[in-house]
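Reader: I am new to this structure and would like to learn how to read it feature by feature. Could you give me the general idea each time, and then the case at hand?

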Amino acid sequence: MLALSSRVNAASVGNDPNEAFDLPSDGFTVLSIQLQNPISQTGILDSFTFASGLEPTSTDFHGPFDFHALVFRPTGILNEYSVIFDSGDFDGGLFNGVFTEPITPVAVQPGDLVGHWGRGIAFDINTSGEDTYFNNGSEFNTLLPAGTFLASGPAYTMVGGGGPGTREYGIAFNLVPVPEPSTWALLTIGVISLAAAAVRRRKK
């Protein structure tokens, strides 16, 4: 019951996939980290939602539709992150809509970040809520991050920060908040008290 109650308070973390986007499907392999959308509370991510446009043709798309939904944890070193969740290669062939995919639940904490790697997600350009994204100069060779990595490493060119080419990708994760330890303690005391009261009533 507690899990179901918490699920009602679920929140979206990321860029709203339901908004109208300038471009329906990104044809380049990019690594996008939504620095402007940090996770603000302890919780569980249990799905992600993304927007994708019409199925691209060979003339406007640079490779197959595929991407990895990712969750990052800053290490405390500038531009260094650890990948704490990777959805694996997602190539479901879903186009012209907004789609939600369940994932193996992943525990997150304040400051964790969401994003993706790959092609196929709708995006806006020259936005005010820009993602920071990385491309190493070739649409086919941007590296898929794994473990702990430096986003500003020699293989990457950083783009974003309000300059030309700024992007905002239509992907977000569903966050189910987890009560703080003090809240759990109060809930546990309440459950124990109710159980004790029920026992006393039965004994009368």
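Reader: How should I read burial, and why is E3 described as largely enclosed by the rest of the structure?

Author: A residue is called buried when its relative accessible area is under 20%, exposed when it is over 50%, and partly exposed in between, with a 1.4 Å probe and protein chains only. Strands (E, at least two residues) and helices (H or I, at least four) are DSSP runs numbered from the N terminus. In this predicted model, nine of the ten residues of E3 are buried, so this strand is largely enclosed by the rest of the structure. Across the protein, buried residues make up 43% of the 204 residues, and the secondary structure consists of two helices and 13 strands.

Reader: What ground rules apply to the numbering and to the values?

Author: Residues are numbered from 1 along each chain as its sequence is written, and side-chain values use heavy atoms, with hydrogens and water left out. Because the model is predicted, local features need pLDDT of at least 70 and side-chain atom pairs count only at pLDDT 80 or more, whereas totals for chains, interfaces and linings use all residues.

Reader: Which strands pair with E3, and in which sense?

Author: Two strands are said to pair if DSSP finds at least two bridges between them. E3 pairs with E6 in the antiparallel sense over nine bridges, and E3 also pairs with E13 in the antiparallel sense, over seven bridges. Ser47 illustrates both pairings, for Ser47 stands opposite Pro102 in E6, while its bridge partner in E13 is Asn174.

Reader: What is a nonpolar core, and which residues touch the most other members of the largest one?

Author: A nonpolar core is a set of buried Ala, Val, Leu, Ile, Met, Phe, Trp, Tyr and Cys residues joined through side-chain atoms within 4.5 Å. The largest one has 24 residues, of which Leu45, Phe48, Phe50, Phe67, Ile171 and Phe173 touch the most other members. Strands E3 (43–52), E4 (67–74), E6 (97–108) and E13 (171–177) each supply at least two residues of this core, and E6 gives the most, with four residues. A second, separate core of eleven residues includes Ile33, Phe72, Trp117 and Ala151.

Reader: How do I read a contact, and what does Leu45 touch?

Author: Contact means heavy atoms within 4.5 Å. Leaving out residues up to four places away in sequence, Leu45 touches several residues, among them Ile39, Val71, Ile103, Val106, Phe173 and Leu175. Of the contacts in the protein with a separation of 6 or more, 84% are accounted for by residues 24 or more positions apart.

Reader: Where does Pro17 lie, and is it buried or exposed?

Author: Pro17 is placed in the loop between strand E1 (11–14) and strand E2 (30–33), and at 5% relative accessibility it counts as buried. Its C-alpha atom is separated by 8.0 Å from that of Tyr169, although the two residues are 152 residues apart along the chain. Beyond four places in sequence, the residues that Pro17 touches include Thr49, Phe50, Val98 and Ile171.

Reader: How are aromatic pairs read, and how many does the structure hold?

Author: Rings of Phe, Tyr and Trp (its six-membered ring) pair if their centres lie within 6.5 Å; planes under 30 degrees apart count as stacked, over 60 as edge-to-face and the rest as tilted. The structure holds 13 aromatic pairs. In one of them, the rings of Tyr81 and Phe149 have their centres 6.0 Å apart and their planes at 35 degrees, so the pair is tilted. Tyr81 lies in strand E5 (residues 80–86) and Phe149 in strand E10 (residues 148–150), so the pair ties together parts that are 68 residues apart in sequence. Tyr81 is buried, with a relative accessible area of 7%, and Phe149 counts as buried at 10%.

Reader: Where should I read the model with caution?

Author: The guide is pLDDT, the predictor's confidence in each residue, from 0 to 100. Where pLDDT is low, the predicted coordinates should not be read in detail. The protein averages a pLDDT of 76, and 64% of the residues score at least 70. Over residues 1–8 pLDDT stays under 50, and the model has eight contacts beyond four places in sequence for them. Over residues 182–191 pLDDT likewise stays under 50, with four such contacts.
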